[in-house]
Amino acid sequence: MFYHNFQNESELLNACASMELGSMLVAIKRKANRMEPYIEVMHVTKKFKEDTVLHDIHVSMERGKVYGFSGNNGSGKTVLMKCICGFLPVSEGSIRVAGKVIGREIDFPESVGVIIEMPGFLSNLTGMRNLEILAGLRRKISREQIRHAIEKTGLDPDLKKSVSKYSLGMRQRLGIAQAIMEDPEFLILDEPFNGLDKHGVAEIRALLLDLKRHEKTIILASHNSEDIRILCDEVYEMDGGRMRLL
């Protein structure tokens, strides 16, 4: 049928050449988009009154990579992550995610999943019901997609136990399910392995590596050097609100 749309072989060959060139241009454009910074933190300083907690942070992050933040408690990791996802305004500088400036062009990144500090849930409800309520705020995903996200973290979506009876590790898995359920382009995960046993750590590491293969950009904070070594493409150490590439 395709051949019969043309008057002769020459027209067909010319059309094929044009289609091939078009495909090449699309591929080049996609590659260029991947290479452009997905996140740009541009000379960011954050102050709480007279206390400076971030000092001139400047870093770019590409799509489809995992970036590790290491550092002691109070080093500024969590504050920087809150600034990147729009929970805290910066005092100086700017942050751009997917080409849009946070706090100026948009309040929050348009496609992000977040775990910062301990995930909070309604303790008298099941895990599934908690995520159904959260998903209902934006109405982007179906009940089956919620179930799939829960299963990917190793939990049973049909579990009748209320969250109040979950172990710390189960709460952490539910928090990760909440972060990934809408299939975001970008994840911010602050100590996602807290409370997980050895088997759970292995499962969540495998999940994060799979998300990376699907071109997700991930910021990961962990005190565990092995998590950082296995998962991260680049690692930044924070100390006293200052950042350096390791």
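**Figure 1. Helices α5 and α6 pack against each other at an angle of about 10°.** In this predicted model, the axes of α5 and helix α6 (residues 198-213) are 12 Å apart. An angle under 35 degrees counts as roughly parallel, so α5 is roughly parallel to α6. On the α5 side, the contact is made by R173, I176 and I180. On the α6 side, G200, E203, I204, L207 and L211 take part. Sorted by type, the residues of this contact are five nonpolar, one polar and two charged.

**Figure 2. R205 is a residue of helix α6.** Is R205 buried or exposed? The relative accessibility of R205 is 13%. Buried means under 20% relative accessible area, so R205 counts as buried. Which residues does R205 touch, not counting residues up to four places away in sequence? They are F193, N224, E226, D227, I230 and L231.

**Figure 3. Helix α3 (residues 127-135) meets helix α5 (residues 168-180).** Two packed helices are described by the angle between their axes and the distance between the axes. For α3 and α5, the axes come within 11 Å and cross at roughly 30°. The two helices are therefore roughly parallel to each other. The crossing in which α3 passes α5 is right-handed. From α3, the contact involves G127, L131 and L134. From α5, it involves L174, A177 and Q178. Four residues of the contact of α3 with α5 are nonpolar and two are polar, with no charged residue among them.

**Figure 4. Helices α3 and α4 cross at roughly 130°.** The axes of α3 and α4 come within 10 Å. Are these two helices roughly parallel or oblique to each other? With a crossing angle of roughly 130°, α3 and α4 are therefore oblique to each other. Their crossing is right-handed. M128, L131, E132 and A135 of α3 meet R143, I146, R147 and I150 of α4. The residues of this contact comprise five nonpolar and three charged, with no polar residue.

**Figure 5. Helix α3 has buried residues that pack against α4 (143-152) and α5.** Which residues are buried in α3? They are G127, M128, N130, L131, E132 and A135. L131 is one of the α3 residues that make the contact with α5, and L131 is also among the α3 residues that meet α4. G127 is one of the residues in the contact with α5, while M128, E132 and A135 are among those that meet α4.

**Figure 6. G120 lies in the loop between β6 (112-115) and α3.** G120 has a relative accessible area of 69%. Exposed means over 50%, so G120 is exposed. Along the sequence, G120 and G175 are 55 residues apart. In space, the distance between G120 and G175 is 8.1 Å, C-alpha to C-alpha.

**Figure 7. D107 belongs to the loop between β5 (100-101) and β6.** The relative accessible area of D107 is 53%, and D107 is exposed. Which residues is D107 in contact with, leaving aside its neighbours within four places in sequence? G86 and I102 are the two residues. The C-alpha atoms of D107 and L88 are separated by 10.0 Å. Along the chain, D107 and L88 are 19 residues apart.

**Figure 8. D56 and D183 each have a positive phi without being glycine.** Phi of D56 is near 50°. D56 is found in strand β2 (residues 51-62). With a relative accessible area of 45%, D56 is partly exposed. For D183, phi is about 55°. Where does D183 lie? D183 is in the loop between α5 and β7 (186-190).

**Figure 9. The whole chain has seven helices and 10 strands.** The chain has 246 residues, and 43% of them count as buried. Among contacts in the chain with a separation of 6 or more, 65% are between residues 24 or more positions apart.

Technical notes. Residues numbered from 1 in each chain as written. Predicted model: local features only at pLDDT ≥ 70, side-chain atom pairs only at ≥ 80, totals over all residues. Heavy atoms only, no water. Axes fitted to C-alpha atoms, helices over the stretch in contact; angles between N-to-C directions. Helix = DSSP H or I, 4+ residues; strand = E, 2+ residues; numbered from the N terminus. Parallel < 35°, antiparallel > 145°, perpendicular 65-115°, else oblique. Left-handed = near helix turned anticlockwise from the far one by under 90°. Contact = heavy atoms within 4.5 Å. Nonpolar A, V, L, I, M, F, W, Y, C, P; charged D, E, K, R; others polar. Buried < 20%, exposed > 50% of the residue type's maximum accessible area, 1.4 Å probe, protein only.
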